[in-house]
Amino acid sequence: MKERYTITPEALRKEFEELYGAGGEIRLFASPARINIIGEHIDYNGGKVFPAAIDRYLYCAIRKRNDSKIIYDDLFFPGHYEFDTSTDFKFSKENDYANFLNGILSCMKKRGISLPCGFECLIASNVPSAGGISSSSALECGFAWAVSETFGLGISRKDIALMGQQSEHEFMNVNCGIMDQYIIATGKKNTAEVLDCAKIEHEYVPLNLGDYRFVVMNTKKQRKLADSKYNERRSQCEEGLATLQAAGLNVPDLCSITPQVFAEKGSAIKDDVIYRRVRHCVTEMDRVLKAVDALKANNLTELGQLLYASHESLKNDYEVTGIELDTLVDQASKQKGCIGARMTGAGFGGCAIALVHKDNVDDFINNVGREYKKVVGYDGAFFGCSSGDGVREIF
């Protein structure tokens, strides 16, 4: 395993030839990380999310072989793995990162896809692992696109996303949503996507940030409570919906309720905790729609205020933040050039994002990082980013 550094496609091609030998057609593919600008914990309540692909990429170099052997290597992670196109792919803890790749091949086999020959594949990533910006989905979708394009399978971008989700569900045993895979497969530079997770439909929205940049702020906290609390929140939302439906509100899900209707009908929910959970879903859906309008109008100040409001709702109504995320957002709000910040993702750790003027990014990172360590006792991780393209062949 090599010491980690910022990989370039050119460097990866050179490493590929050193590892597997020169000759033949080596193809290179890029797969981005992502952020969710706004729309948290509403994907499973009938809501829409508003993600964007960012300019941090995982790269995949691939070349067909003359036999049926499949070979995986990663430049920065240990493990050389060999399989065969005839393999009945099963999850195995010993296969480490290869499970994400085999999960995709397993999904392809279930769809009746068979490869005429094997291939060798070298992976390298500039996406922080376990950094809360979806490194595993970047790996799945980047690899799936690389195999599809290399073998002329013609799998659509939407199906690449669905295959990534299917692999998580059936192979990795992770009951994830569709957002991560979808934005990575379909993203476009200088846009964000309004994604309807129920209908699996999206609309591109111009992401004109001008002199502003998103800064990703990683708490570097292990999210031990996320799974159990996630299931608890889903159950609470279901209870709230059932209560409102029993009171005569004819809606299919919480995010179909407008703030105005909730103001009139919400009192049917007598339990304060359930009431606040539902209020978050209703108001967060409203914030997504307002964020879309703000970006269409190039109103970044309005977008920033919506980010802050989202975090407050996630903190007080949905209760999924914690001292780490709250500290990041609180310190971000005090910095020159920052016009908005919020936690992003499941919560209880993971990441927050901030919208910061490009001239203030370095000072912002230094100041927030210093204050964060004072409060929680260890370092976070920070980087600025711009929008990026979805999975694609680079050369």
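**Figure 1. The largest cavity and its lining.** Ile35, Ile37, Ala52, Ile54, Leu207, Leu209, Phe214, Cys385, Ser386 and Ser387 line the largest cavity of this predicted model. A cavity is a set of points, on a 1 Å grid over the protein atoms alone, where a 1.4 Å probe fits but cannot get out, and its lining residues have an atom within 4 Å of a point; points are joined across faces, edges and corners, and the volume is the space filled by probe spheres set on them. Strands E1 and E2 each supply at least two residues of the lining (DSSP runs, E of at least two residues for strands and H or I of at least four for helices, numbered from the N terminus). Residues are numbered from 1 along each chain as its sequence is written. In this predicted model local features need pLDDT of at least 70 and side-chain atom pairs pLDDT 80 or more, while totals for chains, interfaces and linings use all residues, and side-chain values use heavy atoms, without hydrogens and water.

**Figure 2. Surroundings of Ile37 and the largest nonpolar core.** Ile37, which lines the largest cavity, is also, together with Phe50, Phe214, Met217 and Phe364, one of the residues that touch the most other members of the largest nonpolar core, a set of 72 residues. Such a core joins buried Ala, Val, Leu, Ile, Met, Phe, Trp, Tyr and Cys residues through side-chain atoms within 4.5 Å. Helix H8 (residues 272-296) gives the most to this core, with ten residues. Leaving aside its neighbours within four places in sequence, Ile37 is in contact (heavy atoms within 4.5 Å) with Phe50, Pro51, Ala52, Ala192, Leu207, Phe214, Leu303, Leu307, Arg342 and Ile353. Apart from this core lies another, of 49 residues, among them Ala98, Leu139, Ala144 and Ile160.

**Figure 3. Helix H5 and the elements that cover it.** Helix H5 (residues 179-186) is largely enclosed by the rest of the structure, because seven of its eight residues are buried. Here buried stands for under 20% relative accessible area, exposed for over 50% and partly exposed for values in between (1.4 Å probe, protein chains only). The buried residues of H5 are Met179, Gln181, Tyr182, Ile183, Ile184, Ala185 and Thr186. Their cover includes the strands E1 (27-38), E2 (48-64), E6 (191-196) and E7 (201-206), as well as the helices H3 (135-150) and H4 (157-170).

Figure 4. In the loop between H4 and H5 lies Asn173, which has a positive phi of about 60° although it is not a glycine. With a relative accessible area of 69%, Asn173 is exposed. Asn190 is found in the loop between H5 and E6, and its phi, near 65°, is again a positive value in a residue other than glycine. Asn190 is partly exposed, with a relative accessible area of 42%.

Figure 5. Strand E3 (residues 69-74) is mostly covered, with five of its six residues buried. Pairing requires at least two DSSP bridges between two strands; four bridges join E3 to the antiparallel strand E4 (residues 81-84), where Glu82 is the bridge partner of Ile71. The two strands E3 and E4 form a hairpin with six residues between them, and Gly79, in the turn, has a positive phi of about 125°. Strand E5 (residues 119-125) runs parallel to E3 and is joined to it by five bridges, with Leu122 in E5 as the bridge partner of Asp73.

**Figure 6. The four-stranded open sheet.** Strands in the order E9-E10-E8-E11, with antiparallel pairing, form an open sheet. Strands E9 (338-344) and E11 (381-385) are its edge strands, each pairing on one side only. Six bridges join E9 to the antiparallel strand E10 (residues 351-357), and in E10 the bridge partner of Met343 is Ala352.

Figure 7. His280, placed in helix H8, is buried, with a relative accessible area of 0%. Beyond its neighbours within four places in sequence, His280 is in contact with Glu40, His41, Arg287, Ser313, Leu314, Asp317 and Tyr318. Glu18, in helix H1 (residues 9-20), counts as exposed at 55% relative accessibility. The C-alpha atoms of Glu18 and Ala268 are separated by 67 Å, the two residues being 250 residues apart along the chain.

Conventions
1 Å grid on protein atoms, 1.4 Å probe; cavity = no way out; pocket = protein on both sides within 12 Å on 5 of 7 lines; lining within 4 Å.
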